Amino acid sequence: METHQLAASLLAAFGGEENLVKLRYCASRIRAELHDGRRLDRQSIDNLPGVKALLEVETPQSTTEYQLVVGPGNAKPLYQALVALSGEK
């Protein structure tokens, strides 16, 4: 699946751009904070090629951060495609 298509599928699985609070990335992960975690479609994410795992991590601010493990070298282009679709978060 092409990076832009993967980003569009992820955005839908996150519950749409209006459900995103913040997006970040690191070497191998996309990190997302959502307004409503109940809108997250875990099954869709689990079935996406290129996504190795979905982790839920509690932040020090007592919010949940969803981390998509996509592997080294894949996080930055996927993050850039997500930002292009959703705007800077």
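Predicted model: local features only at pLDDT ≥ 70, side-chain atom pairs only at ≥ 80, totals over all residues.
View 1. Cysteine 26 sits in the loop that runs between strand E1 (20-25) and strand E2 (29-34), and the unreviewed UniProt entry lists Cys26 under "active site". When neighbours within four places in sequence are left aside, cysteine 26 is in contact with Arg31 and Ala75.

**View 2. The crossing of helix H1 and helix H3.** The axes of helix H1 (residues 3-13) and helix H3 (residues 75-86) come within 9 Å and cross at roughly 60°, which means that H1 is oblique to H3. This crossing of H1 and H3 is right-handed. On the H1 side the contact is made by Thr3, His4, Leu6, Ala7, Ala8, Leu10 and Leu11, which meet Pro77, Leu78, Ala81, Leu82, Leu85 and Ser86 of H3. The residues of this contact between H1 and H3 comprise ten nonpolar, three polar and no charged.

**View 3. Valine 69 in strand E4.** Valine 69 belongs to strand E4 (residues 64-69) and, at 16% relative accessibility, counts as buried, because the cut-off for a buried residue is under 20%. Apart from neighbours within four places in sequence, valine 69 is in contact with Ser28, Arg29, Gly50, Val51, Lys52, Ala53 and Leu55. Glutamine 80 stands eleven residues from valine 69 along the chain, and the C-alpha atoms of these two residues are separated by 16 Å.

Note on methods. Residues numbered from 1 in each chain as written. Heavy atoms only, no water. UniProt positions renumbered as here; feature names shortened; annotations may be inferred. Helix = DSSP H or I, 4+ residues; strand = E, 2+ residues; numbered from the N terminus. Contact = heavy atoms within 4.5 Å. Axes fitted to C-alpha atoms, helices over the stretch in contact; angles between N-to-C directions. Parallel < 35°, antiparallel > 145°, perpendicular 65-115°, else oblique. Left-handed = near helix turned anticlockwise from the far one by under 90°. Nonpolar A, V, L, I, M, F, W, Y, C, P; charged D, E, K, R; others polar. Buried < 20%, exposed > 50% of the residue type's maximum accessible area, 1.4 Å probe, protein only.
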